[in-house]
Amino acid sequence: MWNTSQNQKIHLSQSDQSLAFKALDTLFHPQDFVWVTDDITRACISIPLAEAKRWVGRRASNGIFLAGNPAIAQGIARSNSAAVPRTFLIEFDKYPKGHPQEGQAIPLKEQEQIMEASGIPWTTKIFSGGKSFHYLISLMAPVDVKTFSQKFYWMSQRLQKMNDQACGDPGRWSRFPGGFRGDLEQRVVEVRRTVGIAQLPGANGFSQEAIKNDAVLFHAWGDRPKDEDRTEIIEMLHWY
């Protein structure tokens, strides 16, 4: 899982290290099992949170990754069905189809403005070490996959679909707090409180067409393709 010949551990400042540990303790419970890797192309099995914390400060050329949702047990491979649906990932990448700047990267400042304007509460904000912020929204308690999917859909509507739609997968990779992407730190910007499910957007204020779509989009969760194939997911869910 870890190639010591190509990667090394870097000493973080005390404040950044404290924030990284705080982020992990907010995202996960002490008994949770976490997926973490330095190479998302390789198989990855879940490990105890205490072991995952040892990855703080580690570096890889493409960065260090973790799944924002814990696994249902220790030592199992990462998959949609093996994740406990408790944390949403909101990531901004490129302007979506139909936007005047379609395909161009959304500037970091604009990502912050979009998220703030949405009024959607979030728990943890992490700089990816590249061109985006990752906003992790951790619930006080897990929900069923249908509720998880519906809430992600309504958040996407609130964000005018500017967010990466592939992040509707509860097993989606995010950036590991306090990891390094080359020489750039995947820095934890801020950690807030966990969120109640009722605080997230619902159908109120949306069109009848959107409400109708909500009723039919999520019946085939188990048949969704692997999250690495972003194009197929977007086409399957008809979110663009």
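Gln160 is not a glycine, yet its phi is positive, at about 55°. The model is predicted.

**Positive phi**

Gln160 sits in the loop between α4 (145–158) and β10 (173–175). Lys161 is found in the loop between α4 and β10 as well. Lys161 is likewise not a glycine, and its phi is positive. The table lists the angles and accessibilities.

| Residue | Phi | Relative accessible area |
|---|---|---|
| Gln160 | about 55° | 65%, exposed |
| Lys161 | near 60° | 25%, partly exposed |

Gln160 counts as exposed because its relative accessible area, 65%, is over 50%.

**The sheet**

Four strands form an open sheet in the order β7-β9-β8-β13. Pairing is antiparallel. The edges are β7 (87–91) and β13 (188–191). Each has a single partner strand, so one side of each lacks a neighbour in the sheet. From one strand to the next, the twist averages 15°.

Which strand pairs with β8 (residues 124–127) over four bridges? The partner is β9 (residues 133–138), in the antiparallel sense. Within this pairing, Ile126 has His134 of β9 as its bridge partner.

**Helices on the sheet**

Helix α1 (residues 14–27) packs on the sheet. It touches β7, β8, β9 and β13. The direction of α1 makes about 50° with that of β13. Helix α4 lies across β7 and β9. Its angle to β7 is about 25°.

Terms used:
Residues numbered from 1 in each chain as written. Predicted model: local features only at pLDDT ≥ 70, side-chain atom pairs only at ≥ 80, totals over all residues. Heavy atoms only, no water. Helix = DSSP H or I, 4+ residues; strand = E, 2+ residues; numbered from the N terminus. Buried < 20%, exposed > 50% of the residue type's maximum accessible area, 1.4 Å probe, protein only. Pairing = 2+ DSSP bridges. Axes fitted to C-alpha atoms, helices over the stretch in contact; angles between N-to-C directions. Contact = heavy atoms within 4.5 Å.
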